[in-house]
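These are my notebook entries on a structure that I am reading for the first time.

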Amino acid sequence: MITPVIMGLQSHLYVFLPLRQELLKWNGWGYNDSKFIFNKKGQAEFTGKRYRLGGMVLPTFKEWMEKTFGASLDHKTTSRATLNVNDVPPSIVKEEFLQDLRAAKISYSQDAEDRVFRAHGHCLHEIFILREGMFKRVPDIVVWPVCHEDVVKIVELACKHNLCIIPFGGGTSVSSALECPEEEKRTIVSLDTSQMNRILWIDEKNLTACVEAGIVGQDLENQLAESGFCTGHEPDSMEFSSLGGWVATRASGMKKTIYGNIEDMVIHIKMVTPRGIVEKNCQVPRMSTGPDIHHFIMGSEGTLGVVTEVTIKIRPVPEYQKYGSVVFPNFERGVACLREVAKQRCAPASIRLVDNAQFQFGKYVDLLRQISLSKGFNLLLFKGFDPNILCVATLLFEGDREKVLQHEKQVYDIATKFGGLAAGEDNGQRGYMLTFVIAYLRDLGLDYYVIGESFETSVPWDRVLDLCRNVKERIVRECKEKGVQFAPLSTCRVTQTYDAGACVYFYFAFNYRGISDPIHVYEQIERAAREEILANGGSLSHHHGVGKLRKRWMKESISDVGLGMLRSVKEYVDPNNIFGNKNLL
Amino acid sequence: MAPPIARRSRPPPSLPQRARQPSRGGAGRWVPREVAAAGRPLRRGRAAERGAGRRGGARNTMAAATAAAAPGRGRRGAPMYSQKELTSKKRDEFEDILEERRLSSDLRYAMKCYTPVIYKGLSPCKPNAIKSAVLQSEQVQYVIKQLAKEMGESPDIIQEEAMEILDEMGHNMQLGAVRFFAFTLSKIFKQLFQRVCVNEEGMQRLQHAIQEHPVVLLPSHRSYIDFLMLSYLLYTYDLALPVIAAGIDFLGMKIVGELLRRAGAFFMRRSFGGNRLYWAVFAEYVKTMLRNGYAPVEFFLEGTRSRTAKTLTPKFGLLSIVMEPFFKREVFDTYLVPISISYERILEESLYAYELLGVPKPKESTSGLLKARRILSDNFGTIHIYIGQPVSLRTLASGRINRCPYNLVPRHLPQKPSEDIQEFVSDVAYKMELLQIENMVLSPWVLVAAVLLQNLPAMDFELLIEKTLWLKGLTQTFGGFIEWPDNLCAKKAIMSGLTLHSNIARLVDGHVVLNDKGVEDGGVGEVVFKHALAILTCATYRNQLLNVFVRPSLVAIALQMTRSFRKEEVYNYFSFLRDVFSDEFIFFPGISLKDFEEGCFLLTKCDAIQTNQQEIYPTNKGGVIVSFLSAMFTPFVEGYQLIFRYLSKEAKEAFTEKQFIPGVRNFVFQLLEKGNTQCYEALSSDMQKNALAALVLLGAVKKEKMSNGFTYNVNQEAVNKILDMFDARIPVQKPVAARL
């Protein structure tokens, strides 16, 4: 692993870049010290102290793996331990550009590990390649601007030398957005925004803050908290993803009911494009000046320029938080309850409904322990709940203590009408904790021939049930047709409620033993699942974005003319395709 | 009544008996789950068990219940209709289900423990619960509100109307009635039929399909027996009984109508295009039953019993209703199951002939049914029921349906299907009918009838045997599904056919003649009528061959008529004929060239023609085949010419169908009386209607909807032109497909 980069000798700058990649896995999700392992007794354990689950032993987890996937601890695959630097495509950069960079005092690196680290997001195939192969194309050089002006200089240089820039924030993309186009002949510059991570100012009167776009979610919240504020934007990736990334992908946070999605939170955006800087003249809550230019930027996925500074709404840190959970006799009743909650517009900060398969999983990783072990379980039996059908909603309330309690009662009252049974605060909290930990699970699966992925969509209320059922069924059938030997895990949860519909998240994983090209099979199944979503009236994406993974459906999604509108913007803003990551269009 | 045919004794059963395990939720290895779904053995009393071991290896078709059609994109037709593997097609074997009935108690059979597996292990829903679900559905409520607003009525009144419609329509399936039918039908069927043969593997595939997705049963329709028999069959095999779309006319039969209702029939009015409330209630009723998978839905694509035993062109209304839940993704998939039911002798054969000649069909009435009792003393031979491979609608639709229209409108709003969808529904309908035809069993008598009709008035018996055997070979080459009874020698088989059909033909001094009794006495008119009756009845059997023969035969006719060997010209004439006969025979829409190629391929296969890039010519020995094939269709060619001639010369400017049929009948009748034509089949009202429809399609007749039904206007010039083309006086002009 490379040490903090010490810049070239000619440079009088000695910048120690606090590289996150020091802390993070090079071939998997999250922190180096946090992962699932099987200990000597064959029991699963989560290492590290970063999470509440850390150090905990999960005695029944192995059983779940075996039962769900037919996986066995005897059949293990291992990732290569370190990156083989010789496999990495060479860095091809013209010396003139390097000179210009140095003149501009911008840190850069041509190191292979640095470049590979920024050549991918966290799609399954990308992680698989890291473990077992090598990307055909990776960035030739990584640059670290530290402020808006640096970005302006870099973009100017890129135009001057005709280079390709791919902006890089937290690297948590799951849409192949960070993959370098194989056929790109120009030098690819990975523009890492991680050094632009300051809060520039906080305006308490208007409750806004101007922040550099490279800041990572948890740093933003922590730093704001020092002043008693928060943004409330909490995507599942908030430990690693960046503000600029959120803007570029139209991100959504778990507590959007209170704080809104990124498009509701943003007051002002500054973006550097090959044409120049785009921004508004004021920081107002709303304006009627033609189509909102922010909406060209949000979701542009790095195809137009680099977001450098964002003014974002902030809120006082809530006085009180309370978790909760409700058990429903079946998924249908659960969805009906969520629909009613949305109708009455009383959704808590977060409300999620997991299906039975995820409930089962939760049991095995010790979530919902109380339901399964204490007298609560007997109560369920008494009430006629079938543990193989029931499903669980987890809740998070936020605000004034009094209002929270009032709100809580309202929601539980509705739940009761749909046959729901309160299942305790602790279970709710564990449910949310699991969200952060679940991403680590895939790496464990990969060690035992299990590959998996999540994907999401948004769908009108009346189609939620049909969509969930059909997509899960489609996955099962496709697996069978493609020769997958064991029935896959195919499960979903409703994660967001809106007035007119919901956001649904699918998890899907299977044991690939006996399949020669698992990634290809996996991709075919994922594509089929997306086709199924679209046929069921779901969207191409609710918040993951399109990237290169879902481009094929863009025309169908937004019509020919719609696509043309986006193309013409791209053509004007970036006629030479400097931002050539080939996402979206 | 002939005694049941003795059969070999059979070895003991070898089917593994496994209990059905409910599998729900949690994932697991594929294998056990599949066993759980399909592992329940088919039950059919002792004989079935005895029969089970007999064929050993042929039993593992259970898992293969998935789609028959290959998915694909691109041009219409291409994905759905592929040239059949004509003779190599492997078909299942048959079992006689009456054999068991003749051996054991009907009463015990009727009272047996009946616990069918159903879709996703649902518990059955009471008929009334279905009705109220329909009434309360968003779909129906929406239409009620709309109508209330438009008519200024209170929604309650319209809701009541909807309830009345539901009461008139709804089935009321009750086990008691089912058992009653099981008992009486056993008695009746044993009286009427020698054997009722079914492919058990088909039943097994069906059993599997029912558990997987909602199922739509699509039987052919030749007789009232069809739906009784099918329900009887499913009861026998312990499968879920279907709900059956029946014509409202049945309700005219007092007790019988109610009985049928209790056995699962639901009743639809013959036409309700204009009545929005009726349409909404009916569509929702069918969809509710299908969506929830309470029971398989059964209806007849042909819409009515085919009086000619020739498959009728499909009706699309009900089919598009049952497809909608899939289009809207309310269900994951829907299985369409083509079922071919063929009768060695059709119960209604003489009724049909009278009807075709314009003697009206007696109204359905209970007393009429009782009068029909005397047929019980008659013998109607064997029935063959072939349950086709369930076809997955999802597979058929893959890549064909633009999902947008369904995504942009709330699903409960009534929505006119897009052109895309209409075209797809039509394609599916034709595909299913072609599958029915493909699996339709042909008896030796069908071959005899075809030969005999070309050799009237009398034919030497030995020659008849010889020609029949020759035709048997040809039919098999063309993919026809012949069941030769118990490997009888040709003579015996044909004799037994003659015995069974003694009302049609008989053996006189070593010659076979049509049995047109009473022709000798009576006036000319009566002679023509009697003769026509005999010919139409006989034609009913020959007709069963036509859809198997139509493609090569039209090529043969085109070859003869054009007197040209140029492929292009032959194809043009073929294509013209195909258009003219598009309502007479079943052609998959829009693939004229493919049909032509198939016809040529089959003719080449039996050495009747040779082809190269540009030319087609008959071989030396091919003349016999070519002329036989064209003679087989001569009644249609000549009949259409007569009808067209009537329209070009005699018909009034504008007329209704009610005026047209008697008009053309008289016209043909007079020609027959004068001996100016021998084409008795032109008297068939079925052919007359089809010919008129063809002219409408070709644009030579204009069809307009008036308050009192349809009115037709003839463009005489256009009809004359078509007649000229028909007679090959002027060449058929049509753009030739690029890659001929």
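In what order do the three strands of the open sheet in chain A lie, and in which sense do they pair? I find the order β1-β2-β3, with antiparallel pairing. I take strands (E, at least two residues) and helices (H or I, at least four residues) as DSSP runs numbered from the N terminus, and two strands pair if DSSP finds at least two bridges between them.

Before going further, I note that this is a predicted model, in which local features need pLDDT of at least 70, side-chain atom pairs count only at pLDDT 80 or more, and totals for chains, interfaces and linings use all residues. Residues are numbered from 1 along each chain as its sequence is written, chains are lettered from A and ligands numbered from 1 in the order in which they are written, and side-chain values use heavy atoms, with hydrogens and water left out.

**Sheet of chain A**

I looked up the edges: β1 (36-38) and β3 (57-58) of chain A each pair on one side only. A:F38 has A:A44 in β2(A) as its bridge partner.

**Confidence**

I read ipTM 0.89 and pTM 0.88 for the model. For chain B the average pLDDT (the predictor's confidence in each residue, from 0 to 100) is 84, and 83% of the residues score at least 70. Residues 83-87 of chain B have pLDDT below 50, yet this stretch has 16 contacts (heavy atoms within 4.5 Å) beyond near neighbours in sequence. Residues 735-739 of chain B also stay under 50, with eight contacts beyond four places in sequence.

**Interface of chain A and chain B**

I find 28 residues from chain A and 20 residues from chain B in the contact. The two chains bury about 2200 Å² between them, 44% of it on carbon and sulfur atoms; buried area is the accessible area (1.4 Å probe) lost on being put together, summed over both parts.

How many salt bridges cross this interface? The rule (a side-chain nitrogen of Lys or Arg within 4 Å of a carboxyl oxygen of Asp or Glu) finds five. I recorded a salt bridge between the side chains of B:R411 and A:D466, at 2.9 Å from N to O.

On the side of chain A that touches chain B, α1 (61-69), α17 (464-481) and α18 (518-535) each supply at least two residues. The most come from α17(A), with nine residues.
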